[in-house]
Amino acid sequence: MKRPVGTKPAREIIITAAETRCVECGEALKVCQHRERWIERLDGYLHVTRRDRKCPITECPGAVQIFHPPEDLRLALPYRSYGLDVTLAIGERHLRGESLGSVQRDLNARGILIDQRHTGRVFRDFLALTNIALGDDAAAREALT
């Protein structure tokens, strides 16, 4: 099932890195890039614009560091289009004994378009998250990035 990205009404969220001054030279940081994401969540569709900052002084040693807003990772995993709440819902329901097909049909009925294959991928993300929560597992961290 092909998902139409950006065609549903979405709640707009703009997040900016919290850092305002360069740690090396003290210069005010400037927004250097905008990144857009569309995130499907249980409570609705989000259009997130992430504004990263960096030092505008090219000679400054701190100019290579780009500051990202951490709120982006609280909404969804990197390179994923489903929110963490969807990931947790799929994982918890499947661990309780529901089939992935049943979970997928229920999510589709709620307006969250997802196919059964992608439901399995999101469940594997859930397993990787639980492995990380239980301990520092480098392989699980690598699977999420």
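This is a predicted model: local features need pLDDT of at least 70, side-chain atom pairs count only at pLDDT 80 or more; totals for chains, interfaces and linings use all residues.
Local features are reported at pLDDT of at least 70 and side-chain atom pairs only at pLDDT 80 or more, while totals for chains, interfaces and linings use all residues. Residues are numbered from 1 along each chain as its sequence is written, and side-chain values use heavy atoms, with hydrogens and water left out.

The protein chain holds five helices and three strands. Helices (H or I, at least four residues) and strands (E, at least two) are DSSP runs, numbered from the N terminus. Along the sequence, the pattern reads β-β-β-α-α-α-α-α. The chain has 145 residues, and 38% of them count as buried. Buried means under 20% relative accessible area, exposed means over 50%, and partly exposed lies in between (1.4 Å probe, protein chains only). Contact means heavy atoms within 4.5 Å. Among contacts with a separation of 6 or more, 60% join residues 24 or more positions apart.

Helix packing was examined next. Two packed helices are described by the angle between their axes and the distance between the axes. Here, axes are lines fitted to C-alpha atoms, for helices over the stretch in contact, and angles run from 0 to 180 degrees between N-to-C directions. Angles under 35 degrees count as roughly parallel, over 145 as roughly antiparallel, 65 to 115 as roughly perpendicular, and the rest as oblique.

Helix α2 spans residues 84-95, and helix α3 spans residues 100-109. Their axes come within 9 Å and cross at roughly 140 degrees. The pair is therefore oblique. The crossing of α2 past α3 is right-handed. A crossing is right-handed if the near helix is turned clockwise from the far one by less than a right angle, and left-handed if anticlockwise. From α2, the residues Val86, Ile90, Arg93 and His94 take part. They meet Leu100, Ser102, Val103, Asp106 and Leu107 of α3. By class, this contact has five nonpolar, two polar and two charged residues. Ala, Val, Leu, Ile, Met, Phe, Trp, Tyr, Cys and Pro count as nonpolar, Asp, Glu, Lys and Arg as charged, and the others, Gly among them, as polar.

Helix α2 also packs on α4. The axes of α2 and α4 come within 8 Å and cross at roughly 90 degrees. This makes α2 roughly perpendicular to α4. Leu84, Thr87, Leu88, Ile90, Gly91, Glu92, His94 and Leu95 of α2 meet Thr119, Val122, Phe123, Asp125, Phe126 and Leu129 of α4. Eight nonpolar, four polar and two charged residues make up the contact of α2 with α4.

Leu100, Gly101 and Gln104 of α3 touch Gln116, Thr119, Gly120 and Phe123 of α4. This contact has two nonpolar, five polar and no charged residues.

Helix α3 has two sides. Its buried residues are Leu100, Gly101, Val103, Gln104 and Leu107. They lie on the same side of α3 because they cover an arc of only 160 degrees around the axis. The arc is that of the directions from the helix axis to the C-beta atoms. An α-helix has 3.6 residues a turn, so residues three or four places apart point the same way. The buried residues of α3 pack against α2 and α4 (116-134). On the other side of α3, Arg105 and Ala109 are exposed. Ser102, also in α3, is partly exposed at 25% relative accessibility. The C-alpha atoms of Ser102 and Gln116 are 9.0 Å apart, although the residues are 14 apart along the chain. After α3 comes Gly111, with a positive phi near 95 degrees.

Tyr79 sits in the loop between α1 (71-75) and α2. Tyr79 is exposed, with a relative accessible area of 74%. Most residues other than glycine have a negative phi. Tyr79 is not a glycine, yet its phi is positive, about 60 degrees. Val48 lies in strand β3 (residues 44-54). Val48 is buried, with a relative accessible area of 1%. Its C-alpha atom is 4.8 Å from that of Ile13, 35 residues away along the chain. Beyond its neighbours within four places in sequence, Val48 contacts Ile13, Ile15, Arg35, Glu36, Arg37, Ile39, Asp72 and Leu75.
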